[in-house]
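Please look over the structure shown below before reading on.

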Amino acid sequence: MERITVVGASLAGLSSARALRNHGFDGRITVIGAEKHAPYDRPPLSKEFLAGDASEDDIRLAEDDDAELEIDWVLGRAATALAPRERHVLLDDGSRVDSDGLVLATGARARTLPESVPDGVHTLRTLDDAHALRRELAPGARLVVIGAGFIGTEIASTAAGLGCEVDVVDAATVPLERVLGAEMGAVCSRLHARNGVRLHPGSRLAELLGQPRVSGVRLTDGRELPADVVVVGIGAQPNVEWLEGSGVSLDDGIRTDARGRTNIPEIVAAGDCANAYRTYTAAPMRLEHWTNALHQPAASAAALLGQEHTAPAHHAVPYFWSDQYGHKIQFAGHRTEDCTVHVDEGNPDGDGFLAVYTNAHGSPTGVLAIDRGRSFGRWRRRLAARE
Amino acid sequence: MIFVGELSDLPPGESVRVEGDVAIAVFNVDGELHAIDDTCTHQDASLSDGWLEGCAVECPLHAACFDLRTGRPDGPPAKKPVRTHEVSLHDGLIYVHESTRAGADTVAAADAVAEEVS
């Protein structure tokens with residue numbers, strides 16, 4: 001194999017290029033990125049960068065050593081089609097990149113509302129999105145966040161810190177309900193309330209008001225919330241449309257085995273776009289976690305090069321973190337509907353705690369911690385060793 | 001010199017955080033004591049809460065690994081090293097001698113500033 005193309009230039013793409021070199025590949029590596037920016041770190045976009053506490057330079061992912069990777073960067077060009085047998089990637093300027101092997105790492109994008117929206121309505125996924133939103137979050141600005149998932153709750157926290165008036169609208173009864181369940185979601189509700197952010201649980205957006213600029217939102221129960229700025233944080237979807245009809249197996253992202261291999265030889269996938277088989281849950285799962293985008297490429301790159309790769313056991317345990325109102329929230333593992341949760345350490349309304357999720361068979365499957373980094377690290381490894 | 005505590009309170013595999021000019025993390029690796037800056041150079045996290053793996057500590061938040069002997073990260077996400085500090089033991093009591101020299105990068109930056117000034 002002499003030429004490998006990595007499609008995607010964010011954390012998973014850069015990590016793939018690094019992993020290929022680490023595994024000894026000395027051929028040509030081309031990395032294609034749809035954004036014009038060099039790889040940058042996305043988690044700070046809703047936190048330190050949005051708050052103005054981190055600069056573009058602070059969130060740059062490439063290091064000085066990365067020059068030694070000798071990557072051919074093709075930035076500001078999106079892949080539009082793939083000829084799998086020839087491994088040709090077509091780009092949106094009509095050019096073609098030929099390779100012997102491919103890493104698909106095109107990530108995900110923010111889900112948007114189906115209709116066109118007035119000015120002042122934002123999503124947050126990219127650096128450009130973050131710049132645009134940052135300009136609008138002036139002290140006293142009234143912000144309505146649609147969606148109480150991670151991106152929505154983090155933006156609510158950051159905006160409150162900037163002196164904005166914040167309302168959060170979500171169909172669920174508590175924030176982060178899908179991931180954390182009702183009981184621990186309620187702990188997050190109280191965190192928002194203590195910081196002056198108003199939650200509107202069980203509410204759905206009916207209509208965005210104002211034209212050409214947004215002036216508020218109307219909910220399905222008829223209530224209206226005034227707004228100077230609206231953020232739509234309703235999840236992300238994998239960037240895989242360009243692969244439709246290519247023969248690469250798609251199902252909520254790119255289907256791969258545990259090593260990142262797709263159904264087509266010499267084509268692997270990694271990061272947010274990969275619906276990979278997970279040994280931890282013994283089922284395929286698409287993860288949008290930062291640590292997955294950091295670690296999975298090592299396995300995928302090894303598989304592409306026909307090498308064995310053994311990752312530390314705890315890397316198999318899905319992990320994410322969130323920073324809200326100065327608190328560090330960490331979750332590892334997986335919560336299923338049959339799980340019960342108990343507080344193992346601390347007090348949910350005190351200065352930090354750790355809670356363990358246990359499935360119907362009495363086996364711990366997940367752990368949540370707020371400001372309990374040390375115990376959390378131990379639990380994450382305990383979950384890795386539970387089999 | 002900063003008093004850390006009694007060795008008996010810091011068994012192998014354990015770590016503790018003490019306050020110097022900045023917070024310092026002290027580790028007992030199988031009887032050998034190491035001290036580094038407590039705050040991860042990647043993002044705000046306390047390395048004394050990290051996971052000890054051989055002679056390296058993994059940041060509790062984003063899994064950056066630092067060599068306790070050199071302060072160097074082994075790869076992403078951290079780019080800059082943490083400072084290392086000398087540790088001494090007298091009569092079962094642990095002390096840390098805070099480095100006045102900052103990490104290599106900071107020294108280079110300070111030198112550059114000095115040159116500009118002069």
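Helix H6(A) is followed by A:Gly306, whose phi is positive, near 70°. The model is a predicted one, and the points below are grouped by the element or residue they concern.

**Helix H6 of chain A**

- H6(A) runs over residues 290–304, and its 15 residues reach 22 Å from the first C-alpha to the last, close to the 21 Å expected at 1.5 Å a residue.
- At A:Gln296 the helix H6(A) bends by about 30°, and a proline, A:Pro297, follows within four residues.

**Two hairpins in chain A**

- Strand S13 (residues 205–209) and strand S14 (residues 216–219) of chain A pair in the antiparallel sense over four bridges, and within this pairing A:Leu209 has A:Gly216 of S14(A) as its bridge partner.
- The hairpin formed by S13(A) and S14(A) has six residues between the strands, and A:Gly210 in the turn has a positive phi of about 100°.
- S14(A) also pairs with strand S15 (residues 224–226) of chain A, in the antiparallel sense and over three bridges, with A:Arg218 standing opposite A:Glu224 in S15(A).
- S14(A) and S15(A) likewise form a hairpin, here with four residues between them, and A:Gly222 in the turn has a positive phi of about 95°.

**A buried threonine in chain A**

- A:Thr365 lies in strand S26 (residues 364–370) of chain A, and this threonine counts as buried because its relative accessible area is 7%, where the cut-off for buried is under 20%.
- A polar atom of the side chain of A:Thr365 lies 2.8 Å from the backbone oxygen of A:His334.

**The open sheet in chain B**

- Three strands of chain B form an open sheet in the order S5-S6-S7, with antiparallel pairing; strand S5 (51–53) and strand S7 (65–67) are the edge strands, each of which pairs on one side only.
- From one strand to the next, the twist of this sheet averages 25°.
- S5(B) is joined by three bridges to strand S6 (residues 56–58) of chain B, the two running antiparallel, and B:Glu53 stands opposite B:Ala56 in S6(B).

Definitions and conventions. Residues numbered from 1 in each chain as written. Chains lettered and ligands numbered in written order. Predicted model: local features only at pLDDT ≥ 70, side-chain atom pairs only at ≥ 80, totals over all residues. Heavy atoms only, no water. Pairing = 2+ DSSP bridges. Axes fitted to C-alpha atoms, helices over the stretch in contact; angles between N-to-C directions. Expected span 1.5 Å × (residues − 1). Bend = angle between axes of the 7 residues up to and from the residue. Buried < 20%, exposed > 50% of the residue type's maximum accessible area, 1.4 Å probe, protein only. Polar contact = N/O pair within 3.5 Å; in protein donor to acceptor, adjacent residues only side chain to side chain.
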